[in-house]
Structures are given as structure tokens and as C-alpha cells.
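The model is a predicted one.

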Amino acid sequence: MSFSSEVKEELARHLGKSRHCQIAELAALIAFEGKSFADESDNHLLTGKYELLTENIFHIPYTSGAKQEKWLLEAVKMWDPVSCRRAVTETVSGILLQQNCCKRAFIRGAFLAAGSISDPNKSYHFEIVCRSHAQARQLQEIINSFEMDAKIVLRKKNRVVYLKEGAQIVDILNIMGAHVALMNLENVRILKEMRNSVNRKVNCETANISKTVNAAVKQLNDIEYIRENAGLDSLPDNLKEIALLRLEHPDAPLGELGTYLNPPVGKSGVNHRLRKIGEIAENLRV
């Protein structure tokens, strides 16, 4: 089972505590799937969710009778009392979305009906496909009311509201009430961050080793060039001393080379002397 399916399985079992939250979630299911509860959904999770919500809202067994459809659509503000016909809309009445708990339920319903989330082992991507710009704008505003940064992108004929940062996807799972999925995602994030941290340290150490080796090779080349073209005796005593030590200890780090001097010299002092030797070698090459 994909991670997206696991999230939906968890959310399909989630039931808001208050009747107004259940109505908000039901309104989102109808708006984003574009079907009233009387229609047969080809998604078993949604069918089960319709059942769970309608039985808890109306306290009657779930059936697709015309009378129950009227009660349901009146509850979600999608019934036209003038024509006595259903008026399923792509947006949900703001009356149903005044409290934060209802907004959470609305996002949960929208995700169940038209959302998906990528496998966190591969990438971080959360999206809900919307049937119109108005629907996308309403969803974006509701998500961003929780201090998120949801974006909208056009994909073929649909608008897609999406989040791409791992931290924000953790937050949206919490908002929807998918706490088990949230913990699973956090575990993946922790492992990925640990691996990335180790890789960064290894790459940094490798780069430092490479830099040290390249510097030592250049120092040896400069000393050999001076010895062959001017002789090491041409160097001042302090530079000749460090040049001989570098030839004797080609792999030693600068700090260690300094300990062989009498009196000992620190790393910066050794580096200064070797840089002077490099300048002398460059002048000889001109």
C-alpha cells in the first residue's frame, strides 16, 4: 500500500467530534468529488466515509433515498429551496467553515476526495486537485489560514493546490488528524536528515583531506624546484629548516611539522614559512 493510501485509510476512519465538523467534512467530500451522497462512489473509502458521516449526522442508517438526500444537501447548504432540487457547488458555504475545527475537517474531506501525497522516502509533495479556480482559491485560503504556504498550479483543465516542504506536509497531516501517518513521516525525515548530515560531514572531510594532500604536493614540488635550481642553502635558515622537515615528513600535517622544530612553531607559523618558500619557487620559475 502506498503512503498516500495509508494516509487516506487513516483519515477515512477519523470522525470529527462535533456535528458541525462532520457537516463541513461531508460538504468537502461532495464539493470535491462532485457527487451527492445519493450517487454511487467508485471509491470504497469515500463510500465508507459517506456512510460514517451521514449516520452520525442524521442518526439513521445510510441509504440513498431522495428524502435523505434532501436532508443531507440542506445540511451542507447545497439544496435549492425554490426549485426543490440539489445545487451541488464546487465551493463550500463559508457558514460551514467559521471555526478552525471545521476548517480542519474541510481539508480532510477535500484530501480524501481529490488528494494525494508522495512517498516521503522519495520526495515531499502534497496536493489536492480542484475542479475550478474558485474551488482552488477557497482551499488555498483555508490551508493558509493555518500559517501554511500552499500554492496553486494549473494542470491540464484542473487547478492543483500543493505543498512541497517536508515540515509543512507534517503540519498538514496534523491539521487533518492523520497522526499515525505523521509519525511515520517524521521517522523518515529523521533518517533522511541523519543520512544527509553524515554525507555532508564525509564530503567535507574528503574535501579537507584532498585540500591538505594537494597543498603538501605543491609544497614538495616547490622545495624540489628550489633544491634543483638554487639549492636549499640559498634559503634563510628558518625556511631551510622547514623545507628539510617537509621532505623528511611529506605526509605530516602542518601542526605536526611544527612540533619537530626547536623551539616548536604553531600551525600558522609553519604555514607562513611554507608560503614564503612557495613565493621563492614562483620567482625562480619566472
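## Salt bridges

Across the whole structure, a search finds 13 salt bridges. One of them joins the side chains of R108 and E25, with an N to O distance of 3.1 Å. This pair links distant parts of the chain, since R108 belongs to helix α5 and E25 to helix α2, 83 residues apart. R108 has a relative accessibility of 4% and therefore counts as buried. E25, at 0% relative accessibility, is buried as well; the cut-off for a buried residue is under 20%.

Two other salt bridges lie within single helices. In the pair formed by E141 and R137, the closest N and O atoms are 3.3 Å apart. Both residues sit in helix α6, with a separation of 4 residues, about one turn of the helix. E141 counts as partly exposed because its relative accessibility is 47%, and R137 is partly exposed because its relative accessible area is 35%.

The side chains of E224 and R227 form a salt bridge at 2.8 Å, N to O. These two residues are in helix α8, 3 residues apart, again about one turn of the helix. The relative accessible area of E224 is 28%, so E224 is partly exposed. R227 has a relative accessibility of 42% and so is also partly exposed.

Helix α6 runs over residues 133-144 and has 12 residues. At 1.5 Å a residue, α6 should span 16 Å; the C-alpha atoms at its ends are 16 Å apart, so the two values agree.

Which residues of α6 are buried? They are Q135, A136, Q138, L139, Q140, I142 and I143. The partly exposed R137 and E141, which pair in the salt bridge described above, belong to this helix too.

The buried residues of α6 pack against helices and strands. The helices are α2 (19-33), α5 (100-114) and α7 (166-176). The strands are β4 (126-130), β5 (151-155) and β6 (158-163).

## The largest pocket

The largest pocket holds about 540 Å³ of space. Its lining has 22 residues, and T212, A215, A216, Q219 and L254 are the closest to the centre.

Helices α8 (179-229) and α11 (267-285) each provide at least two lining residues. The largest share comes from α8, with 11 residues. By class, the lining consists of 10 nonpolar, 5 polar and 7 charged residues.

## The second largest pocket

In the second largest pocket there is about 160 Å³ of space. It is lined by 14 residues, with H14, G16, K17, C101 and R108 nearest the centre. R108 is also the residue that forms a salt bridge with E25.

At least two lining residues come from each of α5 and α7. Which helix gives the most to this lining? It is α5, with 4 residues. The lining divides into 6 nonpolar, 5 polar and 3 charged residues.

Key
Residues numbered from 1 in each chain as written. Predicted model: local features only at pLDDT ≥ 70, side-chain atom pairs only at ≥ 80, totals over all residues. Heavy atoms only, no water. Expected span 1.5 Å × (residues − 1). Buried < 20%, exposed > 50% of the residue type's maximum accessible area, 1.4 Å probe, protein only. Contact = heavy atoms within 4.5 Å. 1 Å grid on protein atoms, 1.4 Å probe; cavity = no way out; pocket = protein on both sides within 12 Å on 5 of 7 lines; lining within 4 Å. Points joined across faces, edges and corners; volume = space filled by probe spheres on them. Nonpolar A, V, L, I, M, F, W, Y, C, P; charged D, E, K, R; others polar. Salt bridge = Lys/Arg side-chain N within 4 Å of Asp/Glu carboxyl O.
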